[in-house]
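Please keep the sequence and the structure in view while reading.

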Amino acid sequence: AVRLGKGAPRFAVAGGRAKVSQCRNPRAVRAVCAACAAVTLGSCESVWRYALQAEIFALNSLLVAFIFYTSARYAERPGAGAARWVAFACGLGMTNQHTLALYVLPVALWVMWVGRARLLTGRALAGLSASALVGLLPYAYLPLASYHARGCSWGDPMSVSGFFRHFLRSEYGTFRLAHDVQVKGQSTLELVKHFVETVCGDNPLGAAAAVFGVFQHLTFPAVVDRGLRSTLLAALAMYIGVFTCLSNVELSASGHRSVYRRFWGQGLMVLYFPFVSDAMETAVLFLSLVRDFAVAPRQKFRNAAALRKCFSEFAPAAEHAMGLAVVVAVTVTGAAMGWRHARESMAYSRVAFLYGKSLLWAIPKREDGAPSILISYKGDVHGYLARYVGDVVRLRPDVRVLTFSNRYAKDFDR
C-alpha cells in the first residue's frame, strides 16, 4: 500500500488554490495510512476466522498480497526484472487455489501491456515463462510428498491420471464448489449481495473507506500507477462474476453461507489495498487543509510555496499530525470493535480442536498393534479435523484418517 500510494490522486497547490492533481503524497502519510489499512483489514471477521484454520485460505491471502506487492513494484519501475517477479508470484499463487487464476489473468495482461515495448521479445518471454515455471515447482513436489505421506491424499499424485485429477480438483468438482453437478446454484445477484453484506459486516468503517477510495479512483483516476488500480478493480469484478456463475451450492442451505464467505477474502484484499489506504490518505490531507485554513485563512493559502512544502512528498509527519491522529483514532476504534471477532474465532478453533481430539480418542487401540482406520463419509470438516489432530499434532499415531474423497487413492482399498 505504501508503494501503491504513490499513484493516488493528490492534494497539491497551483495558483494559490488547493486542487486534486497527480503529485505524490507525503511519505509519512503513506506509511501511517498503509499501517492503519492493514490493522483495519486484520480486524475483519473473515480474516480472523480463516486465519486460524488449517486450510488454504490464509495462505491464499498471503499469495494475493505477494502478487499485489510485486505488481506495485512493477508499476513503480517497469522492467524485465520486475516483470519476472510478478510472473513468479503468479505461478506460485496458482499452486494453492484455482480461483487465483481470475486475478492472475488480468495482472498478466496488464504487465504485458505496460511493458509491451520490452517484454514482447523472445528473450523476455522466455524469462517470464521460466519465472512462472519456477513458481509452479510445488506441483513437482506432490508425487514425492504423496509417496511419503502417512495418510491418503485425494487425487493420488503418484500416477499421471491421479496427478491431473488432483490438479483439476476432480473429486470436489473442477471450478465448482461441489462435485454433484445436480446441485442447484445461486443467483448472481444474491451472491453479490452476500459479498457486500460480508464486507460491511466485517468492518463497517473499512467498508465505508473502501467505497470512498473506489469512488475517488473512478472520479480522479491515477496515472502514476500505470493503470494498476483499474486492473485490480477489473480483476475483482471478474472474480465475483465468474465465481458466482460457476458456483453450484445453495446459499440458503445450512452452513453454505460460510462456504462462500471464505472465498471473499481475495475481494477484501483488493478493497483494502490500496483503496482503503487511499481514502485514509485523502482524509489526512483534507484535515490538514482545514487546519491550515482555520489557523491562517488568508496568509497561508496565499503562500503557494508554503503549501507546496506542507504537501510535498518529503513533508514531515508533524505537518499532518492532526489528520494522522484522527485516522489512527478511528482505526483503533474499529480494531477494538473487531477484537470480538478474534475472541470468537479463537474460541471456535478451540472447540474444533477438542472435537477432533475426541474423534481420535474414541477409537480403541487394536491388540495386534495394526493401525486403526477412521473414515469420514460425509463432509470434509470431520475428516480434516481428525487428520490435523492425527497427522500434524500426532495425537494418535496408530490411527489413520481417511475421507470419502480418498477413494481414488492408491492404497484406499488396502
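In this predicted model, the axes of helix H1 (residues 27-42) and helix H17 (residues 321-361) come within 9 Å and cross at roughly 10°. An angle under 35 degrees counts as roughly parallel, so H1 and H17 are roughly parallel to each other.

**Contact of H1 with H17**
- On the H1 side, the residues that meet H17 are Val29, Val32, Cys36, Val39 and Thr40.
- On the H17 side, Leu324, Val327, Val328, Thr331 and Ala335 take part.
- Sorted by class, eight residues of this contact are nonpolar, two are polar and none is charged.

**Contact of H3 with H5**
- Helix H3 (residues 57-76) and helix H5 (residues 101-114) have axes that come within 11 Å and cross at roughly 10°.
- H3 and H5 are therefore also described as roughly parallel to each other.
- H3 contributes Val64, Ile67, Phe68, Ser71, Tyr74 and Ala75 to the contact, and H5 contributes Tyr103, Val104, Val107, Trp110, Val111 and Val114.
- The class count for the contact of H3 with H5 is eleven nonpolar residues, one polar residue and no charged residues.

**Helix H3 and isoleucine 67**
- The 20 residues of H3 should span 28 Å at 1.5 Å a residue, and the end C-alpha atoms are 29 Å apart, which agrees.
- The buried residues of H3 are Phe57, Asn60, Leu63, Val64, Ile67, Phe68, Thr70, Ser71, Ala72, Tyr74 and Ala75.
- An α-helix has 3.6 residues a turn, so residues three or four places apart point the same way.
- Isoleucine 67, which lies in H3, counts as buried because its relative accessibility is 2%, and the cut-off for buried is under 20%.
- Apart from neighbours within four places in sequence, isoleucine 67 is in contact with Ala89, Cys90, Leu100, Val104 and Val107.
- Val104 and Val107 are also among the H5 residues that make the contact with H3.
- Alanine 87 is 20 residues from isoleucine 67 along the chain, and their C-alpha atoms are separated by 8.7 Å.

- Threonine 282 is part of helix H14 (residues 265-295).
- With a relative accessibility of 11%, threonine 282 counts as buried.
- The side chain of threonine 282 is joined to that of glutamine 216 by a polar contact of 2.4 Å.
- Glycine 241 belongs to helix H12 (residues 228-246).
- The relative accessible area of glycine 241 is 25%, so glycine 241 is partly exposed.
- Between glycine 241 and leucine 191 there are 9.4 Å in space, C-alpha to C-alpha, and the two are 50 residues apart in sequence.

**Helix H18 and what follows**
- Buried in H18 are Gly383, Ala386, Arg387, Val389 and Gly390.
- Arginine 394 follows H18 and has a positive phi, near 60°.

**The chain overall**
- The chain has 18 helices and four strands.
- Of its 414 residues, 44% count as buried.
- Among contacts with a separation of 6 or more, 75% are between residues 24 or more positions apart.

Methods:
Residues are numbered from 1 along each chain as its sequence is written. This is a predicted model: local features need pLDDT of at least 70, side-chain atom pairs count only at pLDDT 80 or more; totals for chains, interfaces and linings use all residues. Side-chain values use heavy atoms; hydrogens and water are left out. Axes are lines fitted to C-alpha atoms, for helices over the stretch in contact, and angles run from 0 to 180 degrees between N-to-C directions. Helices (H or I, at least four residues) and strands (E, at least two) are DSSP runs, numbered from the N terminus. Angles under 35 degrees count as roughly parallel, over 145 as roughly antiparallel, 65 to 115 as roughly perpendicular and the rest as oblique. Contact means heavy atoms within 4.5 Å. Ala, Val, Leu, Ile, Met, Phe, Trp, Tyr, Cys and Pro count as nonpolar, Asp, Glu, Lys and Arg as charged, and the others, Gly among them, as polar. The expected span of a helix is 1.5 Å times one less than its number of residues. Buried means under 20% relative accessible area, exposed over 50%, partly exposed in between (1.4 Å probe, protein chains only). A polar contact is a pair of N or O atoms within 3.5 Å; within protein, one must be able to donate a hydrogen and the other to accept it, and residues adjacent in sequence count only if both atoms are side-chain atoms.
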